[in-house]
Amino acid sequence: MHTYAELATTSNFSFLRGASHAADLVGQALELGHAGIGIADRNTVAGVVRAYAAVEKGKEAYQKLHGPTATLPFKLAVGARLVLADGTPDILAYPEDRAGWGRLCRLLTEGKLRAGKGECLLHLDDLLGHAQGLLLVLMPRRSLDGLDALLPRLQEAAPGALWLAAAMHHRGDDRRRLAGLKSLAEHHGVPLLAVNDVLYHHPSQRPLQDVMTCIREGVTVTSAGRLLEANAERHLKTPQEMARLFRDAPEAVAETLHFLDRISFSLDQLRYEYPDEPVPPGRTAQDWLEELTWRRANLIYTKGIPDKVQRSLKDELALIGRLDYARYFLTIHDIVRHADDQGILCQGRGSAANSAVCFALGITSVDPDQHELLFSRFISAERKEPPDIDVDFEHERREEVIQWVYERYGRHRAGIAATVISYRPRSAIREVGKALGLTEDVTARLADTVWGSWGTELADTQVREAGLDPDNPTIRRAVDLAGQLMGFPRHLSQHVGGFVLTRGRLDELVPIGNAAMDDRTFIEWDKDDIDTLGLMKVDVLALGMLTCLRKGLSLLREHCGIEHNLASVPSEDPAVYEMLQKSDSIGVFQVESRAQINMLPRLKPKEFYDLVIQVAIVRPGPIQGDMVHPYLRRRSCVEEVTYPSPAPPHDPDELRHVLKRTLGVPLFQEQAMKIAMVAAEFTPEEANGLRRAMATFRHLGNMHLYEDKMIEGMVRRGYDRDFAQRCFDQIKGFGEYGFPESHASAFARLVYISAWIKCHHPTIFACALLNSQPMGFYAPAQIVRDAREHGVTVYPADINTSQWDNTLERDETGALALRLGLRQIDGFRENWANTLCTQRVGGYDSIETLWQRTGLPKQALKLLADADALRSIGLDRRTALWAVRRLPDAEPLPLFVAAAQAAELGPEPAADLAPMQLSEHVVADYQTTRLSLKAHPMAFLRDHFRREGVKSAAEVAALRDGAFAKMAGVVLVRQRPGKGNAIFMTLEDETGITNAVIWARRFERFRRAVMGSRLVLVEGRVQKSPEGVIHLMAFGVYDRSSELERLSEAHSARLVLSPADHIKHPLYPRHATQKRDHPRNVRVLPKSRDFH
Amino acid sequence: MSCAFSARSRRYLALWLPYLQADRVRRQERGLPARDNKAKSKVQSPAPLVFVEKVKSALRLVAVDGQARGLGLNPGLTLADARARVPKLRVLEADPAADARFLERIADFCDRYTPLVTIETTGIVILDITGCDHLFPDGEVGLYTDIIGRLDRMDIGACAAIADTPDGARALACFGRHQTAPRISKSGRQARAVSDLPPAALGIPSETVISLFRAGLKTIGDVAKQPRAALAARFGGDLVARLARTLGEEDIRISPRRPLPIVMAEQIFAEPITSADYALVILGELASRASHILEERGEGGRCFEATFHRSDGRVQWLAVQTGHPLRDPRALMRLFRERLDALADPLDPGFGFDLMRLSVLTSEPLTLAQSSLDARTVADDEMIALVDRLNARFGARDVTRFVPVDTHNPERAERMVAAIASNKSPAGLQPKANTNKTKGQPSPSWLPSGQEALPRPIHLFEPPQPIKTTAEVPDGPPFQFTWRKANHRIVRAEGPERIAAEWWRSTDDKPPRDYYRIEDDSGRRFWVFREGLFGEADQPPRWFLHGLFP
């Protein structure tokens, strides 16, 4: 009986080198009867948790087979392969104990912090200083030179903990080399260790490994030559085979077990401890949390805490005590408190956030007195999941919070979690195709075709659709290999905001490295790894709407004297719901997209919970599960509310409890999970597994296991198979964009608040929204237009009145009006604006004073003139530009020389410039500020289009259902939602907006016009829904962008060449010498937002 | 006839080739042999053709053909956007080097009209045609029609214009409106002709174009009306200078791409001549005409160049240089004949030469001078000379040498290339040069870099010789083997060296080979391999002798 353990194993976290998942390696080692496995990736421990999880799974399976007391005779050693920058051969380092692990992590942290993102810069001396508690294995290179000198140095640093590795790779001289290593080992008294330096678990992975080598080196497989391995020997081999290969040195094989015996460290020894900071000394966490909660609750409910809330608080605090989550809540509270002190708006969401405790602590603003709570429904003693609270902060100021967290807990104790960026279908096929020598053209076409259809065999027809030959072996091979590469980690990136905070040193728990962003450091493990090891993560996320709301609330305080915070905005105001029911929601959080706007008049939200549903319903989950229409029918009482029920003897009302709030239709992620547990009798573990599979659905395809289990489980208990299938489809849809009720209700509050500001203070809302750009769905032009339609007076940007930000001022009637800020001018800089404002005392009366006083560069003045912001000194765009251009390029001289300088710019003969026409001004406005207050471009073309029988948006809206209409407008947005059966185009003219729908089958015919136009003419039939939603169902789409050129043509007699003429006589590319077109030249109107 | 060049009011023709890239590719593909059906079908395929280049990690269109332009696909668009609009696109990578070569060929062709030709970086050819129009019956109109017609027959789309200054001609060629009449601005009338063109025709940066537009100056005429000082103060002196040149107020001459001949003799044929021998006779006549002129000047030529313009637009050159000034036509013709014999491709009249020219590029006073023979005897030079001589005699295909190929597979470890080919390794065998990840492997060498060399025999059998062996299972070396009826007993052996098949080759689905170096009892050393492993396939593995060690 031979025994062996492979100790030099590289998983695919050695990017583009290891060609197997850690789980496959562990599985194969178990299969082959190895005594254990050592995973050591290149300068990282990123992959070891996955190996650990695989071993744990193996243990469970073993215990199921051999009884609960049996222990699997298999040991996992985790370490790293140190690749040193100074040319020393690679050294494997395995921690012997917990302290050794800490030192290895600190060693790697040191190397990583020294290098750029994703790199690790280590030298031999670093290792020699950190070697206590580490077992080292020297991996000799092909040439054995230099080992004689190196071995004694290592021996000194790690006495009795050094091995010399020997591998038999069938290179012809294996036995000679082994003899050499053996004598070297004997000479230095270092034991020889048999390894196979494994790159993959099975020899069939060789092509993949070769391809990865090619990707890494940037070569094609036909030219890679000896960069590739000569054979497929670097896989896990049976103990018998290893014994046979090492028959000249059997002690080297036996040594693998001795080595394994020395290791007492296992990842389960990593204990997570919450940081101490949030708990004052001398208090227990639970007791402090209770005190804090009651104290703050009393402050909030000045008239006494309502009974309902009191009950909730008691229950929740008891549950938190039972599960020992108090410090988690206190840690979140700690961060939220800091943000509050700094005046940064934030809002928590997630299952644990939906609680009375979180409301009391100021983590959320959903008042438990008025709304149903979800906390106890989703946090329960059985589910051993860590509580889940994500906190959103203002996007402009989140970095402050992040840096504060680093500062408060220290960089050695706080780190952002990693996100493993994996190969996706497109990237996989691109890279593999390149390595196999396919041209970019071919791989791009393959990538487009196969998008979304992975997991199944790539059908020949699909390949043929891409215009490629499915019988071509290279293409077939590329597709197969790309399938294998998919899901492989590609690189580590930082999580959007998940912090891991610890009580002790974090860098002795896991290595920390630099992120691509300045001042960010992140750990090597992602959130699944963190879950596996039971570490705690706090999510610090960014949300643009919070920035907008904070700006809105401060404007409200400043200009109207009204003081509000997120929690104090008056609830359930009917005017707000009335506005939303009319689809008047441009700029409102979450419900401003086309699909949401269409849903609003159907759903007719009347109360807060309707907003929760509104937020969640227009999502892939409910849409794919076909749950939207049933819900709407039931809501409008067209259909009776029924609850699917199982056959006797099961409780016929079991789903009533789950689905009551949503009229018997599952809409939220939690409901789908609950159905799995109630109706298909999933155990909590299984449900948890399903949730995880859902989250990673796109990466791993193990959903079908759950699919069978859930559907069969429900059918067995007497449910309708069709209903079961729809429930599951919905879960699959959640996999794409999961949307739980706990998140929806947090978002719904922000929907309400933003709608409230828009409804009662449209000027403030527009101003705050513009100052928070870029965010949301609409461009400044639409925001301004919407504001003006709501009666807001908008003034243009001007050097004598505007700040950098958009501001509010009183118009002649004393009402609030919006003054555009200098930030709306493309290319203008904030520091220029600040100089302009600070030097403005007394105002500017000429270009010369502006130039001399501010010292702004000529470029800045040109931008101001071009944006027509000099009207207050009596210059229109053309005159101002003509004057500004004359200024010398250099910086203006100090004041005392300026007089002389001004004299030099003496009078010159007046230029004979034609006055600029209004249409030209409008075009120039769009080019410089992306919006025009003067007019809409379509207004100038109206007569021209009228002759063709084209109607305006307002006229189209007034037509009856089914009427034929032609409409022309500027393209705002093109969208192709869901499965892409229809393409939505939003067109704008001077009277309003029209939504055109093009069915996919017509799309191909009009593809160019749809994709390429700025100004488009659509003909079709008007479709009006009972709720008053109007669409123009297009049967013809025509590109009329060339009409825009008329606007700026002074001589209207000159006709624009028709496209046919372009073929015969092309126009010379205007600036062939320049690589990139100047955007302002190309763009007459801003580019619309598009799908691709 | 012959001509000398005098200074007088000049005339220029600008030639703009809007679809240079596409025309190049289409011509190339038409030139392919007919048996290549795939290529042929591509030629007929109606897919619009675009050329792309990676600009800041996005593929962008850099050139298009007429069809793509008609569909609204313009240079500058990203490929993704272009595909979104027109999914069926034919996409080729831009090849600026090939474009430049093609443009050179077109400029060569233009040499037939005047030796004063220049190429601008933007793909425009400008000809100084002063005094050349009298060769055409309709003067400039005739020249214009001739050049456009010839290019059209060569399937090259071109826009041309004639004006008093190069800038004016260029502006008219690129921006002039499409008319049936040739775009020729009469001498001295240029300012009027260009006044309707947009300011972009001045060849100024786009930023300036926008600024002029904002000032309401939408044509060159509008700009010209402004005081020049005011323009210079705002847009710089460059604009004013360009304006003056475009309006024809100022002329900057072109600097021709080829040296201007000192003496030139040429012959135009109404009926193209198709015999190379006859062409030589004509060349002899031109030589004696040139020698007369040289004699008048008291000079002899040091560098002569014969130009053969084919009716399909191709141009062939034949240059000879002499160690001392020469003007004897017979001696000159002897040199030309020798030069012709040395050519790899003989003079090919194709559809016939319609113009031949003999130019004297450098000359010296014809006096007696000491001939200085260079006496360098560098081994390389001799080797090159030897290769050249062998090559001249046997042809490039038959004189070859070995170059290493980077592969594990012994059969493929070298290949033959023409000896005359450059010493550099064949393309495609090197790792990407700009990948800094790749440790320096300048070119594949015979030995793998950074590794100890594995012994390889000098001589390999092709194909490997089957042998009968007995060997230890599973991967021991043979004890003995029989080859060509002789039995060899093995006394020393090393191995195995396992080399797996190159899976990416469709034909290579063979099992891996285990190679052994072995030595028999009489000291002969062999390289043998076993194809396949024991117990993996149904049939027992086979053994082969692959090479002999010295």
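I count a residue as buried when its relative accessible area is under 20%. The model I am working from is predicted.

**Entry 1: strand 19, chain B**

I started with strand 19 of chain B, which spans residues 542-548. How many of its 7 residues are buried? I find 5, so by the cut-off of under 20% these count as covered. I note the strand as mostly covered.

Next I looked up its partners. Strand 14 of chain B, residues 459-471, pairs with strand 19 of chain B in the antiparallel sense, over 5 bridges. In that part of the sheet I find Pro466(B) opposite Phe544(B) of strand 19. Strand 18 of chain B, residues 525-531, also pairs with strand 19 of chain B in the antiparallel sense, here over 6 bridges. There I noted Glu531(B) opposite Arg542(B) of strand 19.

**Entry 2: a four-stranded sheet, chain B**

I then went to an open sheet of 4 strands in chain B and wrote down its order as 5-6-1-7. The pairing is antiparallel. Which strands are at the edges? They are strand 5 (117-120) and strand 7 (159-163) of chain B, and each of them pairs on one side only.

I checked one pairing in detail. Strand 1 of chain B, residues 12-16, is joined to strand 7 of chain B by 5 bridges in the antiparallel sense. Tyr12(B) has Ala163(B) of strand 7 as its bridge partner.

Two helices came up while I was looking at this sheet. Helix 5 of chain B, residues 96-110, packs on the sheet and touches strand 1, strand 5 and strand 6 (124-128) of chain B. I noted about 160° between the direction of helix 5 and that of strand 5 of chain B. Helix 7 of chain B, residues 166-175, lies across strand 1, strand 5, strand 6 and strand 7 of chain B. Helix 7 runs at about 145° to strand 7 of chain B.

**Entry 3: a helix pair, chain A**

Last, I looked at helix 34 (residues 762-771) and helix 35 (residues 780-789) of chain A. Their axes come within 10 Å and cross at roughly 175°.

Which residues make the contact? From helix 34 of chain A they are Ala766(A), Leu769(A) and Leu770(A). From helix 35 of chain A they are Pro780(A), Ile783(A), Val784(A) and Ala787(A). I sorted the residues of this contact into 7 nonpolar, no polar and no charged.

Definitions and conventions
Residues are numbered from 1 along each chain as its sequence is written. Chains are lettered from A and ligands numbered from 1 in the order in which they are written. This is a predicted model: local features need pLDDT of at least 70, side-chain atom pairs count only at pLDDT 80 or more; totals for chains, interfaces and linings use all residues. Side-chain values use heavy atoms; hydrogens and water are left out. Axes are lines fitted to C-alpha atoms, for helices over the stretch in contact, and angles run from 0 to 180 degrees between N-to-C directions. Contact means heavy atoms within 4.5 Å. Ala, Val, Leu, Ile, Met, Phe, Trp, Tyr, Cys and Pro count as nonpolar, Asp, Glu, Lys and Arg as charged, and the others, Gly among them, as polar. Two strands pair if DSSP finds at least two bridges between them. Buried means under 20% relative accessible area, exposed over 50%, partly exposed in between (1.4 Å probe, protein chains only).
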